[in-house]
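Please read the following report with the sequence and the model side by side.

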Amino acid sequence: MTSRGGVRPGAPAPPADAAALRDAYRHCRRVAAAHGRSYYLATRLLSADRRPAVHALYGFARTVDDIVDDPHAAGEPRQAVTALDAVERHLRAAWSQSIGSPVAPRTDPALPAAFDRVVPALTDTVGRFAIDPRHFWTFLDSMRMDIPGSPLFRNRYPTMAALHEYMRGSAAAIGLQLLPVLGTVCPAAEAEPAAAALGDAFQLTNFLRDIGEDLDRDRIYLPAAELAAFGVDEALLVDGRRTGRTDRRLRRALAHLIALNRDLYRCAGPGIELLTPRVRPGIRTAAALYAAILDRIEDSGYAVFAQRAVVPQRRRLRLAAHAALGT
């Protein structure tokens with residue numbers, strides 16, 4: 001049973017190795033600061049007791065993402081599949097014990113060394129906030145969809161429905177992991193659809209911003225049917241990446257997909273009011289900062305191949321200030 005704030009009453013003590021736990025949380029904070037600037041800025045608005053848990057969840061997701069995208073494993077993708085399988089086995093074993101027990105030492109040689117620095121903080125966070133482990137298995141399945149050789153592998157998505165199947169694990173599951181940490185003023189189930197929608201909104205923004213980088217990795221996340229409606233096919237995308245120019249047909253398709261993306265943010269918006277009041281400014285900030293990436297894409301003339309859409313620091317701070325004030 002959990003409280004509405006998400007923390008289980010009488011939460012167990014942390015693992016015996018307190019020094020390792022502190023180091024793991026510090027490591028996750030550094031990872032968030034280095035790789036998720038908008039995300040990290042938003043977490044600064046959260047209360048001190050919740051902030052480390054959000055960093056731990058980000059650190060885990062980033063570590064898994066690095067496993068999937070490891071250039072050294074590109075020639076032998078099975079290594080990445082094996083590593084993800086080892087991560088899941090380790091977490092299932094650790095979380096099957098009484099929560100709060102010391103994290104079991106590694107016994108699987110396939111478990112990535114980088115994971116050792118994350119797992120104490122992650123396990124502590126899952127125990128303290130009673131996060132449903134199923135959201136992590138769903139996330140790992142989506143990551144397997146990115147690995148050639150995995151039975152779940154996909155690097156093209158024919159429809160928006162197919163993309164949503166991927167985002168159910170890569171994005172919506174992240175929102176559902178975060179929800180118990182953030183806490184709600186209602187039964188958590190009532191806030192879950194909005195939390196999932198916000199995760200999807202963030203993910204689709206990434207796909208729109210990173211078209212060129214994804215092409216370099218032989219991935220096209222934008223649905224083929226949505227692109228084809230505007231006369232865009234894979235050859236046109238490849239040519240745009242080669243020349244750095246965005247064809248007018250692709251500009252129209254991107255305008256359409258940005259409109260769909262903004263609709264996801266609108267659907268998620270009311271859910272922010274279901275969160276505990278203390279965390280609302282941070283989540284409003286995260287949503288505003290990510291939605292501002294869409295503005296940058298539009299302002300550039302949809303030059304997604306020529307430059308990476310980045311929200312300037314001054315604008316990020318201004319958006320954060322407005323969100324903190326609820327304006």
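What percentage of the 327 residues of the chain count as buried? Of these 327 residues, 50% count as buried, where buried means under 20% relative accessible area, exposed means over 50%, and partly exposed is the range in between, with a 1.4 Å probe and protein chains only. The model is a predicted one, in which local features need pLDDT of at least 70 and side-chain atom pairs count only at pLDDT 80 or more, while totals for chains, interfaces and linings use all residues. Residues are numbered from 1 along each chain as its sequence is written, and side-chain values use heavy atoms, with hydrogens and water left out.

**The chain as a whole**

The secondary structure comes to 14 helices and zero strands, both taken as DSSP runs numbered from the N terminus, with helices being H or I of at least four residues and strands being E of at least two. The chain exposes about 14800 Å², of which carbon and sulfur atoms supply 55%; such areas come from the Shrake-Rupley method with a 1.4 Å probe, and for residues only the protein chains shown count as cover.

**Salt bridges**

A search of the whole structure finds 26 salt bridges, each defined as a side-chain nitrogen of Lys or Arg within 4 Å of a carboxyl oxygen of Asp or Glu. The table lists three of these pairs.

| Glu88 | Arg144 | 2.9 Å |

Glu88 counts as buried at 13% relative accessibility, and Arg144 counts as buried at 9%. Both residues also belong to a network of salt bridges that links Arg78, Asp85, Glu88, Arg92, Asp141 and Arg144.

Asp218 lies in the loop between helix 9 (211-216) and helix 10 (224-228), and Arg156 in the loop between helix 6 and helix 7 (160-182), so the pair ties together parts that are 62 residues apart in sequence. Asp218 is partly exposed, with a relative accessible area of 41%, and Arg156 is partly exposed as well, at 27%.

**Aromatic rings**

The structure holds 12 aromatic pairs, where rings of Phe, Tyr and Trp (its six-membered ring) pair if their centres lie within 6.5 Å, planes under 30 degrees apart counting as stacked, over 60 as edge-to-face and the rest as tilted. The rings of Phe60 and Phe136 have centres 5.6 Å apart and planes at 70°, so this pair is edge-to-face. Because Phe60 lies in helix 3 (residues 51-68) and Phe136 in helix 6, the pair ties together parts that are 76 residues apart in sequence. Both Phe60 and Phe136 are buried, and they take part in one aromatic cluster formed by Phe60, Trp95, Phe115, Phe136, Trp137 and Phe139.

**Helix 6 and its cover**

Helix 6 is mostly covered, with eight of its 11 residues buried. These buried residues are His135, Phe136, Trp137, Phe139, Leu140, Ser142, Met143 and Arg144. What covers them includes helix 3, helix 4, helix 5 and helix 7.

Most residues other than glycine have a negative phi.

Conventions:
Contact = heavy atoms within 4.5 Å.
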